Amino acid sequence: METFKDIKLVIFDLDGTLADTIYVYHDGWRKELEKYNVDVSQETLNSMIGQTSDHNNKVLMNLANCSEKEVQDIMKKRDEYFYDQLKTGNVNEKNGAMSLITSLNESEIPIAVATSSPEKRAQTILDTLGFSPYVSYAIYGEQVKQGKPDPEIYLKVLNHFCLNAEQAIVVEDSFAGLLAGTQAKISTFFVPEISLTNSQLSKVDNEYFEGTFENLYDVKNYIGKLQYQVHIYFKKSQCHAK
């Protein structure tokens with residue numbers, strides 16, 4: 001994308017993109033899996049980033065050699081640990097998140113969130129970290145049939161606002177999210193939680209891959225250099241996802 005003059009929407013992933021949650025999730029997984037005498041590797045934990053709950057449940061079942069019911073208990077305990085960390089102030093925004101969001105808000109560019117997380121947890125994160133007042137629309141993991149890397153979640157956001165792919169940009173942190181954004185044919189900014197391998201990068205459609213950025217301040221600065229070209233336009237859509 002050469003200019004941002006037609007951008008009418010910015011869509012953010014949540015976990016690992018706006019909120020620095022990944023290390024807390026990982027600590028929670030480790031804590032619960034220890035009860036099953038499982039020493040989970042960082043590589044395995046990294047493979048779960050940005051994936052659906054169903055995908056991660058299957059990983060856990062294989063790791064702990066346990067039933068689906070036991071996995072649900074692991075998930076419940078992990079979530080309790082996460083909420084406790086969130087409540088006690090141990091979950092923070094990602095570097096530059098609020099700065100970028102407030103900048104977009106000042107430019108009257110609407111913000112959406114597209115997350116694989118369930119609504120209850122995601123909304124609690126948005127509320128706790130102060131993002132909710134800036135978010136025009138959010139869609140959650142249980143509201144799509146196919147999770148990331150499938151582009152469905154991003155296509156639903158576009159449909160909600162009655163926009164074309166070229167009228168939006170995506171900000172993501174995971175390989176699954178990067179694939180979802182680019183496969184939706186939306187220009188995608190990648191602020192990685194972990195670096196991608198050459199093999200992973202070869203699977204990304206470069207036509208819609210805006211580049212890799214160190215943090216959200218860098219994304220803000222990149223957009224800011226072209227801010228004079230932004231044509232601010234947003235008409236509240238009558239087209240809403242059901």
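## A buried charged pair

Both Arg 121 and Asp 79 are buried, a term that denotes under 20% relative accessible area, with exposed meaning over 50% and partly exposed in between (1.4 Å probe, protein chains only). The model is predicted: local features need pLDDT of at least 70 and side-chain atom pairs count only at pLDDT 80 or more, whereas totals for chains, interfaces and linings use all residues. Residues are numbered from 1 along each chain as its sequence is written, and side-chain values use heavy atoms, with hydrogens and water left out.

The side chains of Arg 121 and Asp 79 form a salt bridge with an N to O distance of 3.2 Å; the term requires a side-chain nitrogen of Lys or Arg within 4 Å of a carboxyl oxygen of Asp or Glu. Arg 121 belongs to helix H6 (residues 119–128) and Asp 79 to helix H4 (residues 68–87), so the bridge ties together parts 42 residues apart in sequence. Helices (H or I, at least four residues) and strands (E, at least two) are DSSP runs, numbered from the N terminus.

## Other salt bridges

The structure holds 10 salt bridges. One of them joins the side chains of Lys 148 and Glu 172 at 2.7 Å, N to O. Lys 148 lies in the loop between strand S5 (137–139) and helix H7 (152–161), and Glu 172 in strand S6 (residues 168–172), 24 residues apart. Lys 148 is buried at a relative accessible area of 3%, and Glu 172 is buried at 0%. Through shared partners, salt bridges join Asp 13, Lys 148 and Glu 172 into one network.

A further bridge, of 3.7 Å from N to O, connects the side chains of Asp 20 and Lys 94. Asp 20 is in strand S2 (residues 19–20), while Lys 94 is in the loop between strand S3 (92–93) and helix H5 (97–106), 74 residues apart. Asp 20 is partly exposed, at 22% relative accessibility.

## Nonpolar cores

A nonpolar core is a set of buried Ala, Val, Leu, Ile, Met, Phe, Trp, Tyr and Cys residues joined through side-chain atoms within 4.5 Å. The largest has 50 residues, and Phe 12, Leu 18 and Trp 29 have the most contacts inside it. Apart from this core lies another, of 19 residues, which includes Val 144, Phe 161, Leu 163 and Ala 168.

## Cysteines

A search of the whole structure finds 0 disulfides, a disulfide being a pair of cysteine sulfur atoms within 2.5 Å. Cys 66 is buried, with a relative accessible area of 9%, whereas Cys 162 is partly exposed at 44%.
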